[in-house]
Every structure is written in structure tokens, then in C-alpha cells.
Amino acid sequence: MGRHCQMLWLVLASAMMATVEGCDPGDLKGLASFRGGIHMDTSGRLAKWAGRGCCRWQGVACNNRTGRVTEVHLPGFISTTDFVFQSQMEGWLSPSITLLTSLEVLDLGGLVGLSGRIPTSIGCLENLKKLYLYGNKLTGPVPDTIGKLLKLEELHLHENRLSGFLPPAIGCLKSLNALLLHSNGFTGSIPGSFSNLTNLMHLDLHSNSLSGRIPENVGELQLLKEFDLSENLLTGEIPVSVNNLTSISVMYLDTNHLEGEIPFPSNYGVMPMLGFLRLQNNQLSGKIPPNFWYLVSLQRVSLENNKLQGEIPSSLGNLQALTELYLGGNELSGVIPKSVGRLSRLIMLNLSGNSIPGPLPDEMSALQNLQTLDLSFNSLNLSSTPRWLAELPSLSRILLAGCGIEGQIPDLLRSTPSPIQELDLSANYLIGGIPAWMGSLTQLYSLNLSRNHLSSSIPASFAGFEALGVLDLHSNNLTGSLEHVFKIGTNFPGGSLTYIDLSDNSLTSGIEQIGVGTLERLEYLNLSHNLLEGQLPTSVAKSTALKCLDLSYNKLGFGLVEALANLSNLETLKLQRNHFTGEIPVEFLNLKNLKDLDLSNNLLIGEIPAGKPLSDFPQSCFTGNRGLCGKPLSPCKS
């Protein structure tokens, strides 16, 4: 290399080094102001921002030629080859961050504690390509000046507390391929200008309060792959133009107020890659389109909780990729088509809450991969459970509530190829006893036999349930003791049960067993409308997670145990129509979360302890106790 070239190289290198070492004054001021707005940084990154060489600061990248800051990467989620760490910054977003006018990437996503507003000067960042401010506590509107970021490719503002209207100026961002604004408090309509975003591949506005119609020309977003408008307040019909979304693979329009008929697919080949479709929880009407099978890539589809009528099209059997089908909560009629048996990949089938008559087609026995079957509350009138149902090799969740099943609990459920995890035979016409073999269903998590005519005691084998979380036997004719219920899941740390409803039976004993087993996870316990006698034990205090305790309409006596006051999560306490005596323990004032209380029609005496929450409840919660006085009842006599 010649001496002249060497000298030139040294001059250039030293100039470049000086720029990098010194940092552009505007960039330095912007970064320093940002750091000044943060009062806690669990990652320790900002503590290392020292000196004037900002290009060497952690999370900051510069252009080697100009020395200007081009990228700021300070995400909350930090992942390296050695560790994964969720960091947090608390403070406010300084508007001076917009002094970094050469910035191309700004990543402050997932910092959890970052508050403030998106600065109106955001439009000064004209070189910005990626803006990540998601997962923070930002408030206020998105400023119109965001429409000046013409190079922007990704805009992630989701999971904040942003509000106001969506600015139509976003429609100017023609380079945008990802627009994520979900989980905020946006209101108003979706701007029609959004249809100008023809490079958009991912649009997610779910979980806001957006109203009005889906823009009619939404079909112009032909590169769109993922489209989520769910959990808003949208009205009107689904635009016919959605048929033009040729790249769409995920479309979620559920949980709105959409109406009218399903307008797609208009012909074969439309939406060829649509795999995941959610339209549930709307007011859609008409029939399921007979050409629905044109959506050849469908894997999961939910149309439940609408007003769909007519028969299930037999052509649905052509959806060979289908794994989950939810049609519950509609007005469907007509028998289940035999073609359903051709859905060889189906793992979930929910047809509950319709008017589908029997019989069940034997072809359903071919559903070798089916794990969950919910046919509850139809007009099936099964009388008995089909044998093939208990022979399906993968079936573990069987929900046949309100299906007209008669006789005893089907013995064929005793031994199934796949262990039963959820069994719902409620609201049928079952008679006889609960069989002892039920306790051998060791993987059962949820058992619902309520609203039948079962008339036995609770089998001792129930103690064999190892993982039972939900037990609902209400509204039967069960007799005897509760003791075996409170032994369920004793081998499970903290116990397995979270929900017990044995109300409206004729159970007489076992109340003293509450808390003897491990019920630390129990949140709901309803033993009302039985014939239970005895005293509520102090061991009830072990059920520390309890939110609802209903022992009303029994024959329980003795005093109200102070231990109840240790149930700090309790929201509902119903003890009316028993024979409780003595005074209301003053410790009941510790039940700060109590929202529903009824102590009426017992034998309680003395003054009602003064103070919240007891003073918040009306007279009716205490009446029928002749010896009880004090607010809200009549004053006590001195």
C-alpha cells in the first residue's frame, strides 16, 4: 500500500473512530433522556451506559460509516445460549427518544413497567423500519404522525393500555407487513384506509372495543396470512371480499356481533391455505354453506354459539385435514351425517346445544383419533350408550349431558382403550347406584353425574381418584356420608379437588371430615339442601383457597367456628336455614373479600359485629335469628 493511501486510510479511520467514540449529540441526548426516565432496570443494561461512546453501549447499534445510532434493542425478554431472563424496566418513555433520527429499529417490547405515551414527535423517525413497544403500560392514543413513518415494516403496539381511535394515517404505511395492536382499549371503527396496506401479512386487532363494520374492501389485502379481529364489538355482515384473501391461513372474527350468512367460500380454490377459522360467539344465521368443504386446508374451525340452522352438510366429510370441529350452541337439526366418519384426523368434535336427533351413525366408530366428543343437550334420545363409543382408541373426554340416556351408569365405560379424563352424563335419566368401579378411573379429572336419579351412597372407592379436580353430583337422591369425598386426591400435593357440588341430595353425615383430607386447592364447596347434621369442624380453615362455601338448608348446629374467618379468599358464605347457635364471631370482620353472605334463619344471638364487610349486607342476610340484634337489624337493648 502506498504512503499516500496509508495516510488517507488513517485519516478516515481516525475520523470514523472519533464519531463512534463521541456519539452524535442528538443521539446522545435522546439516549440519555431515555435512561433518565427509567428508575428501575432489573437487567442492569442501562447502568452500563457510561461515557460518550454510545455506539458501544449495550443494546445500541450504529452505522459504521456515519456513526449515527440505527438500532436500540432493549427487549424485556432476554435469551442467550446460557440463560433466559424476563427483565423489567419501570419509568416513562421519554419523547426525546425521537431525537435518534437515523433509527431503523426501536425495540422496547415486553418491559412490563414502561409507561407514558407514544410521543407525537414519533413522525421524526423517518428511517424507522421496526417499532416494538408491546407489553408495556403505555397509555393515550396512537398519534396521527405515525403515518409519516413511510419505511415502517413492523408496528407492534399490542398489550398496552392505549386508547382512542385508530388513526387513518396508518393506511399510509404501504411498507407495513405486520400490524399488531391487540389487547388495548381502542374504540371507534376500523379505518377504511387499512385496505391500502397491500403488503400486510399479519393484522391483529383482537381484544379491543372496536365497533362498526369490517371494511368492505378488506379483500384487497391479498398477502394477508393472519387476520384477527376477535373480541371486539364489530357489527354487520362479513364482507364478501374476504373471498379474495388468497394467502390467508388464520382468520379469527369470533366474539363480536357479526350477523348474516357466512359468505365464503364462493367457489373452489378460494382461500386455499385457510387452516384456522374462528367465527364463534356472533349472531351469524343461515345454513353452514354446503360448499364449506372447498376450504380444503381447514384444520380447526369453530362456528359455535351463533344462530346457524339446517343440517350439517355431508360434504364436511371431505375436509381431510380437519382436527377440531366446534358447532355447538346453534340451531342445527338433522341427523349427524355418516360422512363424519371420514374425518380420520379429527381429535375434537363438539355438536352440543343443538336440536340434532338420533341415532348416532355407526360410521363414527371410524374416528380412531377422536379424543373429545361433546354431544350434550341435543334431541338424540340415546336411551343407551353405543358400544362403539367405549371402543374408540383415543377417546378420553366423553360429554353426553342431556342426551336421554336411561338405566344405570353404562358398565362399558369401566374399561376403555384410552383412560377417561372427563365424563359428563348429567341431566339424563340414570338410576341405581354409583358403581364402585368408578374409583378405578384414576386419570379422571372431571366427573359430572348431576341431575339424574342416582340413589346410593358415595362409594368408598372414590378415595382412589388420584387426580379428580371437579366433582358434581348435585340433584340426585344420594344418601349416607360425605367422608369418602374428602379423601379424594390425598396423594396429590395440596389435594386435587377444586370444585365439589353435592347439593340437593339426602346426605346425612360426614361434615366433620372437611379438612381431614388435603383440600388446599378447593375453591367451591356446595353441600346445600341435604340432611347434614353435626358441627362444622375447625379443620375447614385448611381449605385456604375456598371462594364459595354453601352449607345452607341442612341441620347443622352448634356455634359458628372462628376458623371460618381464616378463609381470606372467601367471596360467598351461605349458612342459612340451619341450627347454628351462639354469637357471630367478631373475626368474621376479617373476611374482606366477602360479597355474598346469608346467615338467616338460624338460632344466632347477640350483637352483629360492627364494621365491614358485615355492615354492607342487608337485613335479609340476618333475619330469622330471634336473638340477633344490631345494624342492619334493630338496635340491641341495653
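Reply: The questions below concern a predicted model.

Me: How do you know that Glu159 is partly exposed?

Reply: The relative accessible area of Glu159 is 42%. Buried means under 20% and exposed means over 50%. The value for Glu159 lies in between, and therefore Glu159 is called partly exposed.

Me: Why does Asn601 count as partly exposed?

Reply: Asn601 has a relative accessibility of 28%.

Me: What is the phi of Glu159, and where is Glu159 found?

Reply: Phi of Glu159 is near 60°, which is a positive value in a residue other than glycine. Glu159 is found in the loop between strand 11 (154-156) and strand 12 (161-165).

Me: What is the phi of Asn601, and in which loop is its place?

Reply: Asn601 is not a glycine, yet its phi is positive, about 55°. Its place is in the loop between strand 45 (596-598) and strand 46 (603-607).

Me: Which bond joins Phe264 and Pro265, and what is its omega?

Reply: A cis peptide bond joins these two residues, with omega about -5°. Pro265 lies in the loop between strand 20 (259-260) and strand 21 (276-278).

Me: Which bond joins Gly358 and Pro359?

Reply: Gly358 and Pro359 are joined by a cis peptide bond, with omega about 0°. Pro359 is placed in the loop between strand 27 (348-350) and strand 28 (372-374).

Me: Why are strand 40 and strand 42 called a pair?

Reply: Two strands pair if there are at least two bridges between them. Strand 40 (residues 533-535) and strand 42 (residues 555-559) are joined by 3 bridges, and therefore they pair; they run parallel. Glu533 stands opposite Lys555 in strand 42.

Me: What makes strand 42 and strand 44 a pair?

Reply: Strand 42 is joined to strand 44 (residues 579-582) by 3 bridges, and the requirement is at least two, so these strands pair as well. They run parallel. The bridge partner of Gly557 in strand 44 is His579.

Me: What is the pLDDT of the chain, and where does pLDDT stay under 50?

Reply: The mean pLDDT of the chain is 93, and 95% of the residues reach 70 or more. Over residues 1-20, however, pLDDT stays under 50, and the model has 7 contacts beyond four places in sequence for these residues. Where pLDDT is low, the predicted coordinates should not be read in detail.

Terms used. Residues are numbered from 1 along each chain as its sequence is written. This is a predicted model: local features need pLDDT of at least 70, side-chain atom pairs count only at pLDDT 80 or more; totals for chains, interfaces and linings use all residues. Side-chain values use heavy atoms; hydrogens and water are left out. Helices (H or I, at least four residues) and strands (E, at least two) are DSSP runs, numbered from the N terminus. Buried means under 20% relative accessible area, exposed over 50%, partly exposed in between (1.4 Å probe, protein chains only). pLDDT is the predictor's confidence in each residue, from 0 to 100. Contact means heavy atoms within 4.5 Å.
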